[in-house]
Amino acid sequence: MFVPISSRLMSALCALALLAGTVPAVRAADAAPTAHVTILATGGTIAGSGATSTTTVGYTAATVGVDRLIQAVPELAKVAQVKGEQVFQIASENMTNEHWLTLAKRVNTLLAQPDVDGIVITHGTDTLEETAFFLDMVVKSNKPVVLVGAMRPGTALSADGPINLYNAVLLAASKEAIGKGVLVTLNDQIQGARDVTKTNTSTLDSFKTPELGMLGYIQGNKPYFYHVSTRKHTVDTEFDISKLDSLPQVDIVYGYANVGPVALNALVAAGAKGIIHAGVGDGSLASKVAPSLTAARKQGVLIVRSARVGQGIVARNGEANDDALDFVVSDTLNPQKARILLMLALTKTSDSKEIQRMFYTY
């Protein structure tokens, strides 16, 4: 005769069996991770290789595929269920607007899927900050997106790529990273896409936010956040690239002693819709260049005054009468990130006042 067993009794019997050693106990630490993270690989030093184990400069970037990157860090399986896609295989100095659009669309497609909890993007360090900021403006999800790179190839004695990749997956799989915007992690640090920049040609601590500060650390297999950016990002931006296959041409003109208008005039003649003027000091305009900038604006080219110094606010109506000239100022964005925001702004409007609002919003 069958006698039904209550769920409470069944639990008790299982507990007794565990105590008796007849059923192997499953520790929480042994349970499979529940977060699903997709790694999108684009190349760069993190996927690079050198001639010898001491080659830390003069190596070849973008030689290792995403499957080998994942296999090289088996510890990834402890923090997330990971799968990889090879989106590009390039050195990041070759990153283009078209690459960005392809990458952003793929990120948005993946994040819309319920079985994707976060994304890691492996990337060369030369333009990593630019890709991160572009994605920060166009990703339409609160799920974590983390960019990661390496300053040394995987063949080097003290390669930083494996631990950086592990930390990136850990961060993308964490609840703490949700809603924080696009993040960058190298050297056990968490940086925000808007403000981080590469500050050194070769050292491991190259990525910093010198003035406004990093967002936090990764230590002991856990992310620790201490502050976040107040600027709008991801789901709160007004930019939609879903139907775009190109971006407006925006170029950067660099300020320096004895600078002339030759480069500026050539870029305008080549069809630039916007110019970022990376001026000296507080975005100052040299007397040889100012007339050409004024003329370009009258032709309909948007002019944004930025600064080559890398830190600080570019004051509106400070070193130039921006109201009278109908120029825009970049706020604290460096020239390369100001270029990205102006490109996206020009997909929405050509009104300089509206574009100035965007620079104060993002």
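Of the 362 residues of the chain, 47% count as buried, a word that here stands for under 20% relative accessible area, with over 50% called exposed and anything in between partly exposed (1.4 Å probe, protein chains only). The structure is a predicted model, in which local features need pLDDT of at least 70 and side-chain atom pairs count only at pLDDT 80 or more, while totals for chains, interfaces and linings use all residues. Residues are numbered from 1 along each chain as its sequence is written, and side-chain values use heavy atoms, with hydrogens and water left out.

The secondary structure comes to 10 helices and 14 strands, where helices (H or I, at least four residues) and strands (E, at least two) are DSSP runs numbered from the N terminus. Taken along the principal axes, the C-alpha atoms fill a box of roughly 100 × 50 × 35 Å. Among contacts between residues at least 6 apart in sequence, 72% join residues at least 24 apart, a contact being heavy atoms within 4.5 Å. The chain has 31 positive and 31 negative side chains, and the centres of the two sets lie 2 Å apart; Lys and Arg count as positive and Asp and Glu as negative, while His and the chain ends are not counted, and each charge is placed at NZ of Lys, CZ of Arg, CG of Asp or CD of Glu.

| Residue | Relative accessible area |
|---|---|
| Asn334 | 12%, buried |
| Asn164 | 3%, buried |
| Ala177 | 1%, buried |

Asn334 lies in the loop between strand 14 (328–329) and helix 9 (335–346). Leaving aside neighbours within four places in sequence, Asn334 is in contact with Glu129, Thr197 and Ser306. With Glu129 there is also a polar contact between the two side chains, at 3.2 Å; the term means a pair of N or O atoms within 3.5 Å, where within protein one must be able to donate a hydrogen and the other to accept it, and residues adjacent in sequence count only if both atoms are side-chain atoms.

Asn164 belongs to helix 5 (residues 161–172), and, not counting residues up to four places away in sequence, Asn164 touches Val148, Gly149, Ala150, Thr185, Leu186 and Asn187.

Ala177 is found in the loop between helix 5 and strand 5 (183–186). By the sequence rule that leaves out residues up to four places away, Ala177 touches Pro144, Leu171, Leu183 and Phe225. Gly118 is 59 residues from Ala177 along the chain, and their C-alpha atoms are separated by 9.3 Å.
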